[in-house]
Amino acid sequence: MKSFKRVLAVETSCDDTSVAVVEHGGKVLYSQSLNQDLAHRPFGGIVPELAGRNHSQNLVPLIDQALKSTSLDWKNIDGLVVTNRPGLVGSLLVGVVTVKSLAWTLNKPFVGVNHLEGHILAGFLNDDEYTVPVAFGYPYLALAVSGGHTSLYHVKSFGNYEVLGKTIDDAAGEAFDKFAKMLGLGFPGGVQIDKHSQKGSKNFHSFPRGMLSHDSLDFSFSGLKTAGLRKLESMSTEDIKSELYNLCASYQEAIVDTLVTKLDRAYEKTKIKNILITGGVSANSRLRSAGSEWADRRKLNLIVPPLRYCTDNAAMIGYAGMERLNRGEFSDLSLGVSPVVSI
Ligand code: KG4
Ligand code: ZN
């Protein structure tokens, strides 16, 4: 019998204010994120101070809404979970201080969770509209790919994660966003590149695939970013305009090709057939199609959870935290935050 059956979770590590109510086994009763894209768009990227300020305004009303929407009372919540690392310090602090104050006044156990552990475990989340495929389970390979991270893990069991590779410079989402910015497509740009690519040819230009000649499973996207800039500098404004779709498709292909090739190498190395792709970049239509073609060819079981559990969300944090609480792992009121990526 698990003593923690239902938790309320908070995620404020970057620019999304997220609250979720999750039950043991990964059933999501409520999960809501307040996106701050509009606030950061004029600056072409996330402004940390602004993110923290918005969290401080949005978080408590969202917690209130979570309880009201689920018709739950605090007595129905067994514990609290909060992301306390890694992320923007000013953003993390809002979530951690709020959850500590609630835990203290309500006398509830709570635990701080690693944001990346949340992404790694997002494959177990389910709800009224989505059921996890039966074949999914430990061990599996997890590719967490977003604006902040690009990491590949061998997930052996809960809490036992081997890092097979990670980016040595920029994250894949950042590479998408920077090229979109160079093209004047706005922020966040990944979705714009994706949209424009659908009308273009991936064979228009061959952009570099970072670190593919190396044996390592690490990633590098800064060379691609520079190559994107150089390519645009070599073209006239009219040519950029007329080749916009082709530029996007070719640039996107370099990122997707790199991600799928590294996944394939990880499979070759481990022979693990369960594969999870998660993080905001998993929304990319070309990554989804190239990933499923690859999985079909290799006869692998590829899972890409619904987007609401791939982008930053509190449900994945709630799942990870409940597993920890049920193992007797609690945080105390001295819990702090850290910007450092530790898995
Ligand atoms: O997970 P997420 O919402 O936040 C973090 O960065 O943690 O991921 C956001 C990233 C951004 O870089 C965004 O441009 C990228 O995911 N993204 C996409 C697409 N949708 C979102 N990248 C490529 N294609 C998309 N369709
Ligand atoms: Zn994330």
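**His149**

I began with His149, which is buried at a relative accessible area of 14%. For that word I used these cut-offs: buried is under 20% relative accessible area, exposed is over 50%, and partly exposed is in between, with a 1.4 Å probe and protein chains only. This is a predicted model, where local features need pLDDT of at least 70 and side-chain atom pairs count only at pLDDT 80 or more, while totals for chains, interfaces and linings use all residues. Residues are numbered from 1 along each chain as its sequence is written, chains are lettered from A and ligands numbered from 1 in the order in which they are written, and side-chain values use heavy atoms, with hydrogens and water left out.

Where does His149 lie? I found His149 in the loop between β6 (140–145) and β7 (150–157). Helices (H or I, at least four residues) and strands (E, at least two) are DSSP runs, numbered from the N terminus.

Next I looked up the neighbours. Leaving out residues up to four places away in sequence, His149 touches His115, Leu116, His119, Ala144 and Ala171; contact means heavy atoms within 4.5 Å. With His119 there is also a polar contact of 3.5 Å between the two side chains. A polar contact is a pair of N or O atoms within 3.5 Å; within protein, one must be able to donate a hydrogen and the other to accept it, and residues adjacent in sequence count only if both atoms are side-chain atoms.

**Ligand 1**

Which residues come nearest to ligand 1? Of the 17 residues around the ligand, I noted Gly147, Asp177, Asp194, Asn284 and Asp312 as the nearest; being near takes a heavy atom within 4 Å. The shell divides into five nonpolar, nine polar and three charged residues. Here Ala, Val, Leu, Ile, Met, Phe, Trp, Tyr, Cys and Pro count as nonpolar, Asp, Glu, Lys and Arg as charged, and the others, Gly among them, as polar.

I then followed the backbone. A polar backbone atom of Gly147 is 2.8 Å from an oxygen atom of ligand 1. For Gly280 that distance to a ligand oxygen is 3.0 Å, and for a backbone N or O atom of Gly173 it is 3.2 Å. The protein covers 86% of the 560 Å² of accessible area that ligand 1 has on its own, by the Shrake-Rupley method with a 1.4 Å probe; for residues, only the protein chains shown count as cover. The elements giving two or more residues to the shell are α5 (172–182) and α6 (190–197).

I came across a cis peptide bond from Phe187 to Pro188, with omega near -10 degrees. Pro188 sits in the loop between α5 and α6. The bond from Arg85 to Pro86 is cis too, with omega near -25 degrees, and Pro86 is in the loop between β4 (79–85) and α3 (89–106).

Ser71 is not a glycine, yet its phi is positive, about 55 degrees. I placed Ser71 in the loop between α2 (48–70) and β4, where it is exposed at 65%. Lys299 also has a positive phi of about 55 degrees without being a glycine; at 67% relative accessibility, Lys299 counts as exposed.

**Cysteines**

How many disulfides are in the whole structure? My search found zero, taking a disulfide as a pair of cysteine sulfur atoms within 2.5 Å. For Cys14, the nearest cysteine sulfur is that of Cys310, 16 Å away. Cys14 is partly exposed at 22%, whereas Cys248 is buried at 0%.
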